[in-house]
Amino acid sequence: MFSAAHSAGLSLLVVIVVMVVVFRRGLREPSRNQITRWTLAAVLLCSEAALQLSYITENSWGIYSLPLQLCSLMLLVGAVVLMTKHKALYDVLFFLGSMGALQALLTPNLDETFPHFRYFQFFIAHIGIIGAALFVVAVERYRPTFRSVLRAMLWLHILAIPAWITNYLSGTTNFMFLARKPATASLLDWLAPWPWYLLELEIIAFCLFFALYGVVKGLDLWMSKGKSGRYITMNGALRHERDDE
């Protein structure tokens, strides 16, 4: 953690975030929008497919290889959102995807480093998730509401059900870290032992989702300052009538 290889991955994340924000208006042009969405969706799907293929070729595929970790699920959700513009899943991708992938990138649960395949797969996948979450906000102009926070919390628990069942039945897997803390360093090390840290995570998740919602609301209000014209309410957020944001 925070080695040169880790810092390089985080630097790439910053570059992707800046590019999406800076070129957001151009990415709204129909042909560019479609190409970008499908390309990013392909990156997400291929990263998961490559991981599964690596397990098979190494003869190491097992029940732990199932895509039941939160970020593995967000890869699939992100691809669906980008390909279909399924607005009902925007809440899931924005809150669960961005927060889950960011935590993973800051404290990677990764045994291999550069130039191992797993290093590239890990950072491409998680940066892709954040890129997709940012895309729906900056380019598609999705705006969360307080209800979005509640829906994201509900989805978090729904997605945890198959993970918990698999952990219970196998006795060895640790999907979504519901069975125990990860072996590598993580933010969970600051929390109470199992199972009490699961209750603490409930509070932390809600606070992080609410803070992320507040950041988007704050940026909207800040960007609206100094602009002339009429303002309207759309999806629970203050929006300027001009398409210049």
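Q: Is Arg 143 buried or exposed, and at what relative accessibility?
A: Relative accessibility expresses how far a residue can be reached from outside, and a value under 20% counts as buried. In this predicted model, Arg 143 has a relative accessibility of 9%, so Arg 143 counts as buried.

Q: With which residue does Arg 143 form a salt bridge?
A: Side chains of opposite charge can pair when their charged atoms come close. Here the partner of Arg 143 is Asp 220, and the closest N and O atoms of the two are 2.8 Å apart. Arg 143 belongs to the loop between α5 and α6, whereas Asp 220 belongs to helix α7, residues 196–224. The two residues are 77 residues apart, and the pair therefore links distant parts of the chain. Asp 220 also counts as buried, because its relative accessibility is 10%.

Q: How many salt bridges does the structure hold?
A: The structure holds three salt bridges. Another of them joins the side chains of Asp 91 and Arg 151, with an N to O distance of 2.6 Å. Asp 91 lies in helix α4 and Arg 151 in helix α6, so this pair ties together parts that are 60 residues apart in sequence.

Q: Which of these two residues, Asp 91 or Arg 151, is buried, and which is partly exposed?
A: Asp 91 is buried, with a relative accessible area of 4%. Arg 151 is partly exposed, with a relative accessible area of 39%.

Q: Where in the chain are Glu 140 and Lys 85, whose pair links distant parts?
A: The side chains of Glu 140 and Lys 85 meet in a salt bridge, at 3.5 Å from N to O. Glu 140 is in the loop between α5 (117–138) and α6 (146–170), and Lys 85 is in the loop between α3 (70–84) and α4 (90–106). They are 55 residues apart. Lys 85 counts as partly exposed, because its relative accessibility is 31%.

Q: What does the side chain of Arg 24 reach?
A: A side chain may also approach an atom of the backbone. The side chain of Arg 24 reaches the backbone oxygen of Val 21 at 2.6 Å. Arg 24 lies in the loop between α1 (4–22) and α2 (30–57). At 15% relative accessibility, Arg 24 counts as buried.

Q: Which residues lie nearest the centre of the second largest pocket?
A: Rolling a probe the size of a water molecule over the atoms shows where empty space is left. The second largest pocket has a volume of about 590 Å³ and is lined by 24 residues. Nearest its centre lie Val 21, Leu 134, Val 137, Val 216 and Leu 219.

Q: Which helix supplies the largest share of this lining, and what classes of residue make it up?
A: Helix α7 supplies the largest share of the lining of the second largest pocket, namely seven residues. α1, α4, α5 and α7 each supply at least two residues of that lining. By class, the lining has 17 nonpolar, one polar and six charged residues.

Technical notes: Residues are numbered from 1 along each chain as its sequence is written. This is a predicted model: local features need pLDDT of at least 70, side-chain atom pairs count only at pLDDT 80 or more; totals for chains, interfaces and linings use all residues. Side-chain values use heavy atoms; hydrogens and water are left out. A salt bridge is a side-chain nitrogen of Lys or Arg within 4 Å of a carboxyl oxygen of Asp or Glu. Helices (H or I, at least four residues) and strands (E, at least two) are DSSP runs, numbered from the N terminus. Buried means under 20% relative accessible area, exposed over 50%, partly exposed in between (1.4 Å probe, protein chains only). A polar contact is a pair of N or O atoms within 3.5 Å; within protein, one must be able to donate a hydrogen and the other to accept it, and residues adjacent in sequence count only if both atoms are side-chain atoms. On a 1 Å grid over the protein atoms alone, a cavity is a set of points where a 1.4 Å probe fits but cannot get out, and a pocket is an open set with protein on both sides within 12 Å along at least five of seven lines; lining residues have an atom within 4 Å of a point. Grid points are joined across faces, edges and corners, and a volume is the space filled by probe spheres set on the points. Ala, Val, Leu, Ile, Met, Phe, Trp, Tyr, Cys and Pro count as nonpolar, Asp, Glu, Lys and Arg as charged, and the others, Gly among them, as polar.
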